[in-house]
Amino acid sequence: MSVNIVFLGPPGVGKGTQAHLLAKSLGIHHLATGDLFREEIKNQTELGRKAKNYLDQGVLVSDEVTVAMVRERLQGDQYQKGVILDGFPRNRDQAAALDGILAQRGNALRAVLFVKASPQVIIERLSGRRVCRAAGHNYHLLYSPPRVEGKCDIDGSELYQRDDDRPEVIARRIEVYRESTSPLIEHYRQRGLLVEIDGEQPIPVVQEKILEALAISVNDFPKVQV
Ligand code: AMP
């Protein structure tokens, strides 16, 4: 039985950071569709070429392209124990596609972690976010600054501001979230999968709440079979 968990929430709420930490705690890989698209764009692949305009404008890449990419990636051996999904699904059709992909493997979603924060907090987090060129490690100018300004602590590569974290695009991304993605909150609540998490707390507190909510405390985690 594999453990499949979705992170849901507005852009900039800290899903990426928490998905990364949870993946480490559970020993399960995480998959972030935004990171995959950015990687494809950086490598100038055909898929990257298709996705670039959508990312630049802060709108969703087509479901067809996105679902095909996720389906293909999830076939990798590293996801056989399950996956922590960040940024997918982002609308009802993607949610249905995800059910289908998991069902084909005899699996289902275990939980949907809905991370919440007020619009002010989200805008502050997005505008202070910096990302490393080499591997996409996340920083924040105020809340988790790098040890050396402008350089990633982990691989030393340059930190940059995502194009879509600029104010003009942020507004569009929040609008897209409201229209397309937020209906999934009710969808998953009705299915009894939704776990609400206060994303305004500091990173370690949110992490702890998530582990608690999943009924896995940090201390007894090694004994838990996932
Ligand atoms: P993120 O890093 O999750 O904020 O995603 C950055 C951008 O990648 C989004 O604004 C979309 O253009 C695209 N993207 C990421 N995930 C998806 C998805 N599930 N469906 C469609 N587009 C996506």
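**Burial, salt bridges and confidence in a predicted model**

The mean pLDDT of the protein is 92, and 95% of its residues reach 70 or more; pLDDT is the predictor's confidence in each residue, from 0 to 100. This is a predicted model, in which local features need pLDDT of at least 70 and side-chain atom pairs count only at pLDDT 80 or more, while totals for chains, interfaces and linings use all residues. Residues are numbered from 1 along each chain as its sequence is written, and side-chain values use heavy atoms, with hydrogens and water left out.

Reader: Why is A19 called buried?

Author: Buried means under 20% relative accessible area, exposed over 50%, and partly exposed in between (1.4 Å probe, protein chains only). A19 has 0% relative accessibility and therefore counts as buried.

Reader: Where does A19 lie, and which residues does A19 touch beyond four places in sequence?

Author: A19 is placed in helix α1, residues 15-26; helices (H or I, at least four residues) and strands (E, at least two) are DSSP runs, numbered from the N terminus. Leaving aside residues up to four places away in sequence, A19 touches F7, H30, I84 and D86, where contact means heavy atoms within 4.5 Å.

Reader: What makes D163 and R166 a salt bridge?

Author: A salt bridge is a side-chain nitrogen of Lys or Arg within 4 Å of a carboxyl oxygen of Asp or Glu. The closest N and O atoms of D163 and R166 are 3.7 Å apart, so the pair meets that limit. D163 is partly exposed because its relative accessible area is 47%, and R166, at 34%, is partly exposed as well.

Reader: Which residues form salt bridges with R189?

Author: R189 forms one with E186, with the closest N and O atoms 2.7 Å apart, and the side chains of E196 and R189 also meet in a salt bridge at 2.7 Å, N to O. R189 and E186 both lie in helix α8 (residues 183-190), three residues apart, about one turn of the helix. R189 counts as partly exposed at 38% relative accessibility, E186 at 37% and E196 at 38%.

Reader: How many salt bridges are found in the whole structure, and which residues are linked in a network of them?

Author: The search finds 16 salt bridges. R129, R162, D164, D165 and R173 are linked in a network.

Reader: Over which residues does pLDDT stay under 50?

Author: That holds for residues 217-226, for which the model has ten contacts beyond four places in sequence. Where pLDDT is low, the predicted coordinates should not be read in detail.
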